[in-house]
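This briefing is for a reader who is new to the structure shown below. Please look at the sequence and the model first, then read the points by topic.

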Amino acid sequence: MYQFDIAAGTKADLYRDLLAALDALTADERDPIANMANAAALVWEYLPDLNWAGFYRFLPDDGGELVLGPFQGKVACIRIPVGKGVCGAAAATLTTQLVEDVHAFPGHIACDAASRSELVVPVTKNGVLFGVLDLDSPEPARFDAEDASGCEALAALLGSRL
C-alpha cells in the first residue's frame with residue numbers, strides 16, 4: 001500500500017525522509033493508536049541498530065503512569081511511573097532524554113537486558129503530555145544530537161495528529 005523512498009545518504013536525509021513518510025502515513029488518520037503503530041513500524045524498519053522502538057502513552061486518569069502503546073521489538077514493561085527510568089524522566093520534564101549508557105542512568109528500568117543506550121522523546125499535543133517515543137539500542141552511545149533532533153521532529157508531527 002505504501003512505498004517509501006528512504007535515503008541511504010546522510011542522517012539528515014534519513015530523518016527528512018522519515019518525517020515525509022510519517023506525514024504521508026498520518027495525514028488522513030485520526031486514530032492515535034493507528035498513527036503510533038505506523039510510526040513505530042516506520043522507525044523500526046528504517047533506523048539501524050535498534051532492539052526496541054515504540055510508545056508509552058500517558059494516561060492521567062489511570063494512575064498518572066506511562067502505559068505501553070504500539071511498539072516493535074521484544075515484550076516490554078507495561079507501566080512506568082512518571083519520573084522513573086528514562087521514559088519517566090522524559091515524561092516528568094517534557095524534555096528529550098539521550099542516554100549513551102543506560103547502566104549509568106540512575107533508576108534505569110531494564111525491560112531488555114540487551115539495551116545499552118536509549119533515546120526518549122516526549123510526544124505532546126498543545127503542550128500537554130500524550131506519551132513518549134522510546135528507542136533502545138544494544139549499541140552503547142548509539143544515539144546522538146542529530147537522532148534526538150530527528151526524533152523530536154517525528155514526535156512533533158505525530159503530536160499534531162493525535
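The protein chain exposes about 7800 Å² of surface, and carbon and sulfur atoms supply 53% of that area. The model is a predicted one. Of the 162 residues of the protein chain, 44% count as buried.

**Charges**
- The protein chain carries 11 positive and 23 negative charges.

**Fold and dimensions**
- There are 4 helices and 6 strands in the protein chain.
- Along the sequence, these elements follow the pattern α-α-β-β-β-α-β-β-β-α.
- The radius of gyration of the protein chain is 15 Å, close to the 15 Å that the globule rule gives for 162 residues, so the chain is as compact as a globular protein of that length.
- Taken along the principal axes, the box filled by the C-alpha atoms of the protein chain is roughly 40 × 35 × 25 Å.
- When contacts between residues at least 6 apart in sequence are considered, 50% join residues at least 24 apart.

**Cysteines**
- The count of disulfides is 0, where a disulfide would need a pair of cysteine sulfur atoms within 2.5 Å.
- For cysteine 151, the closest cysteine sulfur is in cysteine 87, and the two sulfurs are 13 Å apart, which is too far for a bond.
- Cysteine 87 is buried, with a relative accessible area of 3%.
- Cysteine 151 is buried too, and its relative accessible area is 1%.

Methods: Residues are numbered from 1 along each chain as its sequence is written. This is a predicted model: local features need pLDDT of at least 70, side-chain atom pairs count only at pLDDT 80 or more; totals for chains, interfaces and linings use all residues. Side-chain values use heavy atoms; hydrogens and water are left out. Buried means under 20% relative accessible area, exposed over 50%, partly exposed in between (1.4 Å probe, protein chains only). Helices (H or I, at least four residues) and strands (E, at least two) are DSSP runs, numbered from the N terminus. The radius of gyration is taken over C-alpha atoms; the globule rule is 2.2 Å times the number of residues to the power 0.38. Contact means heavy atoms within 4.5 Å. Accessible areas come from the Shrake-Rupley method with a 1.4 Å probe; for residues, only the protein chains shown count as cover. Lys and Arg count as positive and Asp and Glu as negative; His and the chain ends are not counted. The place of a charge is taken as NZ of Lys, CZ of Arg, CG of Asp or CD of Glu.
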